[in-house]
Amino acid sequence: MAKDELMNYEKALEQFEVVIGLEVHVELNTNTKMFCGCRNEFGGEPNTFVCPICLGLPGSLPAVNRKAVESSISIGLALGCQIAPTGRFARKNYFYPDLAKNFQTSQYDEPIAFEGSIDVEVPSGNVFTVAIERAHMEEDAGKLTHVGGATGRIQGAEYSLVDYNRAGVPLVEIVTKPVFGAGAEAPELAAAYVRLIREMVKAMNVSDARMERGNVRCDANVSLRPHGQEKLGTRTETKNVNSLRSIERAVRYEIQRQAAILAKGGSITQETRHWHEDKGATSSGRPKSDADDYRYFPEPDLVPVQPSAELIESLRARLPENPAERRKRLQGEWGFAELEFRDVVNSGLLDQIEETVAAGAKPQSARKWWTGEIARVANAADKDVSDLEISPAHVAELAALVEGGKLNDRLAREVLTFVLAGEGSPSEIVAERGLEVVSDDGALVAAIEAALVGQADVLDAIREGRMQAAGAVIGAVMKAMKGSADAARVRELLIEMANK
Ligand SMILES: [Zn+2]
């Protein structure tokens, strides 16, 4: 649907109530796959982490990965779920080349975790309780690469390649109940929910939680209904949206698209849809009925999973601080104002700032670097901050150099670009490139005198207290010294010279 055919967002919300539902897949970071001993690792040569089990060869027998079960239980507990004392795996039958077995081993009517809820805070500070229907264990499929087309999609491709390294990697799928009442904040809530799940699984160290690698993937269900109507509207499911920003945009787009169709008396097709980040739009995928027949049946090759009460309790005891408590504690420790802290949370840089403070930086300067210059660089490069070549230790070191007067802000930013280019730590770069602030009076006075040539009236102005006249001179000195001058010292020297 073209942009100008969408309904205005505010108008859509006036006419319709938004209901969302989220399915999040979390890839677990176990050493081995879900049902075999193959390595669970990102980025290997295609089809090198495979065996008869994950290739589904006849006669091979799977065995459940204990660590994956424990991680799944931990996730369930963190979501406030009940843990099933016994649960079976089921075969979900479908025929597609990314799964050599022709069925996915999943859980159907006996998920390991069910009936939970978590509180999710959106950027405005509003908190919504999201009810969790279930969290179940399953295995990932392989990865298809379509070659020869313009878009990398199957349409127009000449041939496709399949890599089974990912086939059999353990997944936990977390499914919410329908979420009502978020109104205009439904897109933000969807993104904040996924961010929270990501934070949780990262803190528990059960997943690498890198969205750009597909460790955390979200399918977003959106439906609209006229205000006051009880019956839910027809929903669409936008698949595999792989960044927080995309989730927010995709939900907003679907609201506006569906509203435009419904307002004209049209009806929504129940289907999966694909999000296109470049176009800022979703497109139609395949029809999806509630009665899709996957011919689920209990997996005959695996015994039921029956976690003992002792195991569940020991996993519960090992859960990290929950994200809401952690935030409260950090805000108190750092002394940040409400809004300031919310910005930090929304930037997703809490971990980095916490580690930078632990490495010795003041909370405010840690905040300033991560949410300012570093986030800007990441944004400009369209990357995640975690993919930049900079560590919390680097940032703490940079802050210390500024605090000790060795670097001014401008030089520090320059040093930062070299750190990001992988040249080493801030101190190493300062030493190697001679980037320290010049506060040596001899060099500064010489530069000031050069800047004053032909401008004798400037000193008169400063003597008379018109300090704005000093600005141009300081600027000229900074420029001549390529930004390495200690600006505060230049200013002092100017005043001294004027009053001689
Ligand atoms: Zn295998």
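Helices (H or I, at least four residues) and strands (E, at least two) are taken as DSSP runs and numbered from the N terminus. The structure is a predicted model, in which local features need pLDDT of at least 70 and side-chain atom pairs count only at pLDDT 80 or more, while totals for chains, interfaces and linings use all residues. Residues are numbered from 1 along each chain as its sequence is written, and side-chain values use heavy atoms, with hydrogens and water left out.

Helix α9, which spans residues 363-380, contains Ser365. Between Ser365 and Val395, which are separated by 30 residues in sequence, the C-alpha to C-alpha distance is 9.1 Å.

The zinc ion has as its protein donors the SG atoms of Cys36, Cys38, Cys51 and Cys54, at 2.3 to 2.4 Å, where donors are N, O and S atoms within 2.8 Å of the metal (3.2 Å for Na, K and Ca) and, water not being among the atoms, sites may look incomplete. The angles among the four donor atoms run from 100 to 115 degrees, and the site is tetrahedral, a label given to four donors if all angles lie between 85 and 135 degrees. Along the sequence, the donor residues follow the spacing C-x1-C-x12-C-x2-C. Cys36 and Cys51 are both buried.

Elsewhere, an open sheet of three strands is arranged in the order β4-β3-β14 with antiparallel pairing, two strands being paired if DSSP finds at least two bridges between them. Strands β4 (103-106) and β14 (297-298) form the edges, each pairing on one side only. Strand β3 (residues 90-93) pairs with β14 over two bridges, and Ala90 stands opposite Pro298 in β14.

Note on methods:
Tetrahedral: all angles 85-135°; square planar, octahedral: opposite > 155°, others 65-115°. Buried < 20%, exposed > 50% of the residue type's maximum accessible area, 1.4 Å probe, protein only.
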